[in-house]
Amino acid sequence: MTPKRIVRTLPMALVLAIILHCIELAIGVGIWIALDRRAAASVAGKIGTDASWSSIESYIAEQFTIGTSRAQLLEQAAMIGVFRIRPFFIGPQYCEAYYFLLGPFLTNRAGPWSICFDDDDIVTSVERFYFQ
């Protein structure tokens, strides 16, 4: 191949590569959205709500109430789906962050929730917290 021919075909090859990557990205996003909707429908079917993440978050807010014991809270969380707990303290008060791994490939959806307990393992505060 001559240098002139390389210079002429290089821009076309770059444009084709960019188009191919855009198609790959669109397919990946489409698959992610389909899996996310399927995960929301699966969780909603288990707990009896609409198949949207906001409905699932509302359900969690209704179930995780002040005055609930930690054992009851863990049962409710297990009914919703896979979750992870990260303990932390706010001063002397024991708290836990609940992360629900409900989305595609076990991504964090419908959470996290900050739940604090008293000395008898009774819920004293429940907050949905957001990342900045």
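Visitor: Which residue does a disulfide join to Cys 95?

Guide: The partner of Cys 95 is Cys 116, with 2.0 Å from S to S. This is a predicted model, in which local features need pLDDT of at least 70, side-chain atom pairs count only at pLDDT 80 or more, and totals for chains, interfaces and linings use all residues. Residues are numbered from 1 along each chain as its sequence is written, and side-chain values use heavy atoms, with hydrogens and water left out.

Visitor: Why is the link of Cys 95 and Cys 116 called a disulfide?

Guide: The term requires a pair of cysteine sulfur atoms within 2.5 Å. The S to S distance here is 2.0 Å, so the pair qualifies. By this rule the count comes to one disulfide. The pair links distant parts of the chain, with Cys 95 in strand 2 and Cys 116 in strand 3 (residues 113-117), 21 residues apart. The link is right-handed, with 95° about the S-S bond.

Visitor: What makes Cys 95 and Cys 116 buried?

Guide: A residue is buried under 20% relative accessible area, exposed over 50%, and partly exposed in between (1.4 Å probe, protein chains only). Cys 95 has a relative accessible area of 0%, so Cys 95 is buried. Cys 116 stands at 2% and therefore counts as buried.

Visitor: Is Cys 22 buried, partly exposed or exposed, and why?

Guide: Cys 22 has a relative accessible area of 48%, and is therefore partly exposed.

Visitor: How do you know that strand 1 and strand 2 pair?

Guide: Strands (E, at least two residues) and helices (H or I, at least four) are DSSP runs, numbered from the N terminus. Two strands pair if DSSP finds at least two bridges between them. Strand 1 and strand 2 form a hairpin with two residues between them, and Gly 91 in the turn has a positive phi of about 65°.

Visitor: Why is Ser 69 called buried, and where is Ser 69 found?

Guide: The relative accessible area of Ser 69 is 19%, so Ser 69 is buried. Ser 69 lies in the loop between helix 2 (53-63) and helix 3 (70-80). Leaving aside neighbours within four places in sequence, Ser 69 is in contact (heavy atoms within 4.5 Å) with Asp 121 and Ile 122. The C-alpha atoms of Ser 69 and Phe 117, 48 residues apart along the chain, are separated by 8.5 Å.

Visitor: What makes Ser 55 buried, and which residues is Ser 55 in contact with?

Guide: Ser 55 has a relative accessibility of 19% and therefore counts as buried. Ser 55 has its place in helix 2. Beyond neighbours within four places in sequence, Ser 55 is in contact with Thr 49 and Asp 50.

Visitor: Why is the protein chain called more spread out than a compact globule?

Guide: The protein chain has three helices and four strands, running α-α-α-β-β-β-β from the N terminus on. Its radius of gyration is 23 Å, well over the 14 Å that the globule rule gives for 132 residues, so the chain is more spread out than a compact globule. The radius is taken over C-alpha atoms, and the rule is 2.2 Å times the number of residues to the power 0.38. Along the principal axes, the C-alpha atoms fill a box of roughly 80 × 35 × 20 Å.
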